[in-house]
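Subject: Structure handover and notes

Dear colleague,

Please find the structure below, followed by notes on what was found in it. I would be grateful if you could read them alongside the coordinates.

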2 protein chains.
Amino acid sequence: MNIQQNIRVAVDAIVFGYSRRQLHVLLIRQKFGLLKDRWALVGGFVQDHEPLSEAVQRELREEAGISVDYLEQLYTFGDDVHRDPRMRVVSVAYFALVHTEKYQLIADSDAEDARWFPIDELPPLAFDHARIIQTAYRRLQGKLSYQPIGFDLLPEHFPFSDLENLYCTILNTEIDRRNFRKKMLSFGILEETEHSAIQKSGRPGKLFKFNSLKYNDLKEKGFVFEIKFA
Amino acid sequence: MNIQQNIRVAVDAIVFGYSRRQLHVLLIRQKFGLLKDRWALVGGFVQDHEPLSEAVQRELREEAGISVDYLEQLYTFGDDVHRDPRMRVVSVAYFALVHTEKYQLIADSDAEDARWFPIDELPPLAFDHARIIQTAYRRLQGKLSYQPIGFDLLPEHFPFSDLENLYCTILNTEIDRRNFRKKMLSFGILEETEHSAIQKSGRPGKLFKFNSLKYNDLKEKGFVFEIKFA
DNA sequence: TCAAAAGTGTTGAGTTTACACCCATGC
DNA sequence: GCATGGGTGTAAACTCAACACTTTTGA
């Protein structure tokens with residue numbers, strides 16, 4: 001058993017955040033090499049005895065100083081043999097979401113040259129990272145409708161209008177406010193808190209909280225989260 | 001840029017076939033090495049300048065002598081550092097479906113020691129292949145409801161009852177025959193042919209044919225295939 | 001003529017859509 | 001008191017679930 005191979009294994013993370021009514025992606029600046037001054041996804045080579053998912057978490061810590069709230073494997077990019085012009089690299093891409101609070105934290109921290117970019121204002125990207133982000137974006141759009149992952153992009157407590165706006169923005173669609181609220185509340189996975197949002201103008205909305213225990217409980221009993229739009 | 005790594009990249013294929021009212025998985029027998037006499041998925045190491053998807057197709061050709069009708073990337077297994085006890089191997093698993101005709105062809109061919117096993121009568125498997133098959137099976141179950149992939153498990157022409165039975169078997173559920181047929185036909189992606197099935201007993205059923213052009217056409221216009229059960 | 005499987009319609013329940021006005025707050 | 005955004009109900013259209021008898025064929 002002496003297979004020789006000259007292929008490297010890397011991981012990349014597409015981290016989404018949501019703030020000021022926009023979906024953002026976390027990018028870092030390449031500091032050296034061929035692609036200096038290009039922006040790229042957080043990522044790097046996997047260590048010999050390191051599980052893939054740990055490699056991603058390590059890179060997120062090292063390069064951007066964050067831990068994420070939701071992480072799942074997205075896709076492995078390895079059909080284009082020259083996606084990295086320097087050598088054959090197969091990259092396992094991960095899809096991640098962070099709560100808005102943490103989002104703020106990183107945006108401030110610039111120990112590393114990391115920044116959030118609105119999804120529709122991305123700078124020129126290294127390698128095939130633009131394509132990877134498109135794949136991740138479609139996954140996010142798809143999942144939003146049948147898994148309660150939108151909550152991982154909001155703070156723990158949020159007004160209903162933020163949730164609604166998140167869906168409108170990411171799915172790029174109009175939603176009937178009344179029907180959306182009715183449906184969302186009918187699941188019984190949101191709790192109304194006593195607090196209200198602080199707003200510039202208009203009537204303050206009550207803050208809600210996603211009850212993940214309740215959700216898991218219902219899910220075990222066969223409940224499926226599903227939200228669609230006209 | 002001189003990263004040293006001691007990780008191998010492999011691909012594995014989970015090939016599903018459907019025959020005699022049962023879902024089957026294609027396995028091959030390990031002929032040598034540590035796991036002699038164990039059954040395993042078709043798979044092997046990726047060549048240095050070979051795209052991942054080509055590697056799978058090559059392995060399918062070399063080890064089982066088939067080409068498949070549907071192929072998509074499933075998941076990359078690389079969290080368990082010792083999934084292959086000999087060395088660190090990251091395996092990109094692919095999910096494949098073959099039409100029943102081709103299914104027959106392989107079942108006969110035994111140039112390689114390849115066999116079909118009913119999904120619920122699997123022999124002891126090499127490495128983490130049992131787990132990989134479970135993942136693939138869940139993917140199949142999930143996709144059946146919102147993508148017309150069941151047709152890739154049937155011959156080109158099939159009686160309605162075979163389609164219905166395929167759904168029942170794979171999803172492990174009972175289906176109302178009338179409602180199922182009504183829904184399926186309402187999509188307008190099936191064509192009734194003039195031919196009838198040849199049967200041991202009972203009234204022969206008309207043969208149907210999946211019209212993939214029509215499906216792609218409708219899909220572009222926003223149609224979504226979706227079939228659920230009570 | 002009997003056994004086996006194919007083919008077919010209707011009704012009630014539940015869900016989804018469309019739609020507009022009043023309410024609380026800050027300035 | 002006015003501008004801003006929050007909160008709420010109902011009726012019509014549609015979709016889904018439940019359900020049983022007739023038809024065709026071969027033995």
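A residue is called buried when its relative accessible area is under 20%, exposed when it is over 50%, and partly exposed in between, with a 1.4 Å probe and protein chains only. By that rule, buried residues make up 52% of the 230 residues in chain A. This is a predicted model, in which local features need pLDDT of at least 70 and side-chain atom pairs count only at pLDDT 80 or more, while totals for chains, interfaces and linings use all residues. Residues are numbered from 1 along each chain as its sequence is written, chains are lettered from A and ligands numbered from 1 in the order in which they are written, and side-chain values use heavy atoms, with hydrogens and water left out.

Chain A as a whole

Chain A has six helices and ten strands, where helices (H or I, at least four residues) and strands (E, at least two) are DSSP runs numbered from the N terminus. Its C-alpha atoms fill a box of roughly 60 × 40 × 30 Å along the principal axes. Of the contacts in chain A with a separation of 6 or more, 68% are between residues 24 or more positions apart, a contact being heavy atoms within 4.5 Å.

Arg20(B) is exposed, with a relative accessible area of 72%.

Leu207(B) and its surroundings

Leu207(B) lies in strand β10 (residues 206-210) of chain B and is buried, with a relative accessible area of 13%. Leaving aside neighbours within four places in sequence, Leu207(B) has contacts that include His157(B), Phe158(B), Pro159(B), Glu191(B) and His195(B). Ala64(B), by contrast, is 143 residues from Leu207(B) in sequence and 30 Å from it in space, C-alpha to C-alpha.

Arg181(A)

Arg181(A) is placed in helix α5 (residues 177-186) of chain A, and its relative accessible area of 38% makes this residue partly exposed.
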